[in-house]
Amino acid sequence: MSQLPKTDDRAEKGVLSTWNPEDPQFWQHTGQGIARRNLWISIPSLLLAFCVWMLFSAVAINLNRVGFSFTTDELFMLTALPSLAGAFMRVPYSFVIPIFGGRRWTAFSTLILVIPCLWLGFAVQNPATPYWVFVVISLMCGVAGANFASSMANISFFFPKNRQGGALGLNGGLGNLGVSVMQLVAPLVVTSAIFGTFAGGGHAAPEGETLWLQNAAFVWVLPLAIFAVAAWFGMNDIAAAKASLGEQLPVLKRLHMWVMALLYLATFGSFIGFSAGFAMLTKTQFPEVSIAHYAFWGPMIGALARPVGGALADRFGGARVTVLNFAMMSIFAALIFLTLPGPHGGGSFLAFFLVFLGLFLTAGLGSGSTFQMISIIFRFDTTRRVKANGGSDEEAAHEAATDSAAALGFISAIGAVGGFFIPKAFGTSLALTGAADSAMKVFLIFYVVCTLVTWWFYIRTHIDSRK
């Protein structure tokens, strides 16, 4: 009978020198519990990162109410910039886990988010704060979006390939829920002096209401500190997952990386882009609606749908789920045109809201199914390539895990660009034409193209993520 692999005494210090989740005995007796512990610390840490990342989607709509005088396009820009910064920073974050270790990096990347929260909390209290200061803070908040790349890459090392769809779906989906949590919590905490005089006074809004807008930023400081400590003491680094930057960069030469990046841009990019821009868009199209009371529903549905998308992909195959999902996204994007007000009024907020919920739902499902495809495709492709070149099973497993983690991180970086493009497209369309139709036409065409791309590369060729 084979002896079970065991971790050595370095595991007590947070380092796992032996890690082989593909071994059923190791997974059952040793790996499963460790992997789950790391996952359940990773999830709230990532959730808080998403809260900080999308903070300006709740703050921007209130800035002019507390004494600022920014234009609509400037406010859309503040909601878009964090996604641009997050997308840019996801590139280096994609490669840090094999270099620094998941435990160390999760603790560090969570703790540094305290800085923009504190700065924003003080900046909103002075209506004389210049616009460029908010631009800098929004970019700093955007760094929080990069945590997704490192977090997903880290979790991919802990689980066997047949469980990665569910694990990555939970980590990403419940992490994405931070957008909804923030949009639910922020409108509540800004209406009262929950921190007393320590956090500063309130500002009178034009409607006569007093707002403590700084609370929307200050409320995340303590939770960030708590989970940074939890990550340091409760998570693990995997010694076997170590790899240099040079070992990870060849993944950029793979055709599948760029194809899957396009598909992920359409799914997760839509989720984060609509999350950033939906409140501002609704305010311009239906100014009579108090959108702060409804904005959290879309991101919540999309975030909860993500693990469902991963589970469906595990069950039926990622390519099949994804192509059907893109077809549904195309339909919902087309229906939006029937709900928007025209030059002479009209439009229906209820229909607009329900169709957008459909877009959030399908964006979430697609985010889960495409991410499951990435992991499976790269592990299969890399393993086949290494063995064809005479590599051993152990070398193939190591390189497959490294390639998969790097691809997950880098593709997530490209996906985050949607968070900048979508709200900026809405702002530009409104500035040039006075309507959002032009932006929605671009999104509709993009979803149709992605439907065809998925069919061409992964349905037509019978590449199914269940293999």
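**Pockets, cavities and a few residues**

Analyst: H17 contributes eight residues to the lining of the largest pocket, and gives the most to that lining. Helices here are DSSP runs of H or I with at least four residues, strands are runs of E with at least two, and both are numbered from the N terminus. A pocket is found on a 1 Å grid over the protein atoms alone, as an open set of points with protein on both sides within 12 Å along at least five of seven lines, while a cavity is a set of points where a 1.4 Å probe fits but cannot get out; lining residues have an atom within 4 Å of a point.

User: Before we go on, what kind of model is this?

Analyst: This is a predicted model, in which local features need pLDDT of at least 70 and side-chain atom pairs count only at pLDDT 80 or more, whereas totals for chains, interfaces and linings use all residues. Residues are numbered from 1 along each chain as its sequence is written, and side-chain values use heavy atoms, with hydrogens and water left out.

User: Ok, what's the mean pLDDT of the chain?

Analyst: The mean is 85, and 93% of the residues reach 70 or more, where pLDDT is the predictor's confidence in each residue on a scale from 0 to 100. Over residues 1-12, however, pLDDT stays under 50, and for that stretch the model has 18 contacts beyond four places in sequence, a contact being heavy atoms within 4.5 Å. Where pLDDT is low, the predicted coordinates should not be read in detail.

User: Back to the largest pocket: what is its volume?

Analyst: Its volume is about 620 Å³, and a volume here is the space filled by probe spheres set on the grid points, which are joined across faces, edges and corners. The lining of the largest pocket has 25 residues, and Glu22, Arg379, Ala397, His398 and Ala401 lie nearest the centre. Two or more lining residues come from each of helix H8 (147-158), helix H16 (349-388) and helix H17 (393-415).

User: How does that lining divide by class?

Analyst: The lining of the largest pocket has 13 nonpolar, five polar and seven charged residues. For these classes, Ala, Val, Leu, Ile, Met, Phe, Trp, Tyr, Cys and Pro count as nonpolar, Asp, Glu, Lys and Arg as charged, and the others, Gly among them, as polar.

User: And the second largest pocket, which residues lie nearest its centre?

Analyst: Those are Asn62, Arg65, Ser290, Ile291 and Ala292, out of 25 lining residues. Helix H2 (55-63) and helix H9 (164-189) are the elements that give two or more residues to the lining of the second largest pocket, and H9 gives the most, with five. This pocket has a volume of about 500 Å³, and its lining divides into 15 nonpolar, five polar and five charged residues.

User: Is Asn147 buried or exposed?

Analyst: Asn147 has a relative accessible area of 4%, so it counts as buried; buried means under 20%, exposed over 50%, and partly exposed in between, using a 1.4 Å probe and protein chains only. Asn147 sits in helix H8, and beyond its neighbours within four places in sequence it is in contact with Leu46, Ala49, Tyr93, Ser109, Thr110 and Leu113.

User: What about the second largest cavity, which element gives the most to its lining?

Analyst: H2 gives the most there, with four residues. The second largest cavity has a volume of about 60 Å³, and its lining includes Ser57, Asn62, Gln183 and Ala292.

User: Last topic: how many disulfides does the count come to?

Analyst: The count comes to zero, with a disulfide taken as a pair of cysteine sulfur atoms within 2.5 Å. For Cys51, the nearest cysteine sulfur is that of Cys117, 9.1 Å away. Cys51 has 0% relative accessibility and therefore counts as buried, and Cys450 is also buried, with a relative accessible area of 0%.
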